[in-house]
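Me: Could we go through this structure together? I would like to start with the terms.

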Amino acid sequence: MPIENEQDIIVPADSISGDTVPARIDPTFPEKLILLPLHARPFFPAQTMPIVIDEKRWSKTLEQVGNTPHHLIGLVYVDAEADQMPSADDFATVGTLVRVHNAIRGEDKIQFIAEGLQRFSIVRMASDKAPYVAEVEYPQITEEITKEIRAYALAIINKIKELLPLNPLYKENVRAYLDRFSPDDASPLADFAAALTSAPAPKLQEVLETVPLLRRMEKVMLLVQHELEIAGLQTEIRQKVEDRVSEHQREFFLKEQLKEIQQELGISKDDKTVELDRFRDRLVDCVVPEAAQVRIDEEIQKFSFLEPGSPEYAVTRNYLDALTDLPWGKNSEDNLDLKRARESLDRDHEGLDDVKDRIIEFLGVGALKGEIAGSIICLVGPPGVGKTSIGHSVADALGREFYRFSLGGMRDEAEIKGHRRTYIGAMPGKFIQAIRETGVSNPVIMLDEIDKIGNSYQGDPASALLEVLDPEQNVSFLDHYLDVRFDLSKVLFICTANQLDSIPRPLLDRMELIRLSGYITQEKVSIAKRHLWPKQRAKAGLSAKQISISDAAMRAIIENYAREAGVRNLEKQLGRIARKVVVQVLQDPKSKTKVTPDNLVQFLGQAVFRKQTPQRGIGIVTGLAWTALGGVTLDVEATRVHNKGRGFKLTGQLGEVMRESAEIAYSYVTSHLEEFGADPTFFDNAFVHIHVPEGATPKDGPSAGITMATALLSVARGKQITRPVAMTGELTLTGRVLPIGGVREKIVAAKRNGIKEVILPADNAGDFDELPEYIQKGITANFASDYSDVAAIVFK
């Protein structure tokens, strides 16, 4: 019977009549039955619904069913993969007998209407491959109608009534059911209710296998209740989503209506007009070059015709945003007060007087001209000596905006010159971004770690920098994204590097070099007391009363734990001390700690660096070397291994240049033995070995030539150097001593190791004279133009 709403299936309790549930066993039901497996879920006797199966796999099975007079087939749930043929063991023990109606072929599928009739149990499988045949029996349901069954039936009907408003599909299923069964028939009602749910297949199969009606209705009641909860939750979620969408739609329509009303009254503008007005307002106080103004006008005109939904709209808008946001012709006023600049540098940096003088001279030229333009400074020095902070101080002294970015590891030239606008996500290069962020055309831009810039298949950033760092070219710098020229000639560029070897020569030629050498102990003590220690103490939340460090302890920290050229490691060691004291304060809030050389080991452990006494002995000579971390002393050892044959051996992980220096020293000394008072035949049968200690550390450079020659001459003469002398200089085959670099770092290293006499090339006398007086103090410098001068000083 047809139904119009859920009320049509509600019946009074006494309408479920009769003493027993009638058994519907048709004597024509076959004892041998053709089976068809179902993979998704079991089929119930109360169901009538279409079934779709694969034609290739099951056509023979359906043909056999069509040849029978009754057109009956058994639908059985199998727990197996749908793409695999099931075995006889995969079939469930209970299935549903159905009558096949209206079988139709099409698109490699067979579709038929299955009318559920009766449960059956498989007694024995008669075949283990398709078409599957089994001997079956039909269980009889002769159960008395009790009050419990009636109550369960009414409860299930009421639950179905609650489900109907939640999903329109439930109504269709109920109609199909009522066309075949009466609502007072308890057994089909239980099966129909189970089939109505979305319960898992094993749960449904469990219901199908339960023949006793009361137990079956108990299980079905649980499934229907669970289905009702799920359907209610789905309806609640759907309602929330619909409410949210409706609210958004309402807001959208109201805003659109308000916008139209405001436009009609002339009190509002659309988004595009607002954007255009903003772009034009940005350019009011700017001095835009003619070429750039033409491009901006063209883009504004094009933008005014574009629809917001157009793909070009966002691209053009972003381009205009970048063009109009640049500070065309806007410059910050320079503060060229040299006294203020000196105070700023002295406040932020200890020592480095020669570097400060160079910067003041540089600013002085700008003060005389009235502007600082077209300048590129490169600060070169070991890590931790204050290169980046000097850049900050210069910007502060000038009163300019400061922008810093690191070039370390940069491999894409688009980072410098921008991406072309045709690419998705295109953006200007770093320099145009710096100009936009600072808001002026003359900021101080710091290019950190310029010696660590890389290159790849994406281009060579170092070559892209050539245009930026050339005062003759950067007046018309062309960024790929902007595609109009911008003047970078007013920008003060400050680069930093640890070494110059990796910087391309054309790029190096464009920069004015200012070298920052390492700090000596005296300078480090002052820096630690004035800057580093107050900073670390405040960072740890300690007061001056809770902890103090004596000058002697500070000197011990520097000499024994932080002997590097810079002060970065010194700051780390002070931080370690502060953290240990924090723990003590937490344990005893009234404790006061004084760090002295005697208790320093409690805070920092055993000393990393120990005081190095210059080695003495035949064939042992102290040299001076420069590294990226500052100057170091280097002992060179030479010895005669045996007299059984002439030979020469080098060890100590020496580089190619240093090996050549050793070979030159060996050749020179061998050919001048008699001149220097040694046996002229000493090396004829001697096997000589030169070693530079700390073999794990690579070493290279030409400045060890006179050191190695002196070590060989000491072996040949059989005499040691009687006083601590350190030396550095390149030696030629004719005995000339050539100049070297890193004089300041090498002198600082000598003072650090207690060496008071050094030998330098004569051409480096000017470099030594330029050193600050506090570095020269206590050092006796000897200058040699020929190796004979070195021999006379060492062996006098």
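Reply: Buried means under 20% relative accessible area, exposed over 50%, and partly exposed in between, using a 1.4 Å probe and protein chains only. The model is predicted, so local features need pLDDT of at least 70 and side-chain atom pairs pLDDT 80 or more, while totals for chains, interfaces and linings use all residues. Residues are numbered from 1 along each chain as its sequence is written, and side-chain values use heavy atoms, without hydrogens and water.

Me: Is Phe683 buried or exposed?

Reply: Phe683 counts as buried because its relative accessible area is 1%.

Me: How many aromatic pairs are there?

Reply: The structure holds 18 aromatic pairs. Rings of Phe, Tyr and Trp (its six-membered ring) pair if their centres lie within 6.5 Å; planes under 30 degrees apart are stacked, over 60 edge-to-face, and the rest tilted. Tyr666 and Phe683 form an edge-to-face pair, at 5.6 Å centre to centre and 65° between the planes.

Me: Where do Tyr666 and Phe683 lie?

Reply: Tyr666 is in helix H21 and Phe683 in the loop between H21 and strand E19 (687-691), so the pair links distant parts of the chain, 17 residues apart. Helices (H or I, at least four residues) and strands (E, at least two) are DSSP runs, numbered from the N terminus. Tyr666 is buried, at 10% relative accessibility.

Me: What about Glu663?

Reply: Glu663 also has its place in helix H21, which spans residues 656-671. Glu663 is partly exposed because its relative accessibility is 47%.

Me: Which rings form a cluster?

Reply: Ring pairs join Tyr403, Phe405, Phe431, Phe477 and Phe493 into a cluster.
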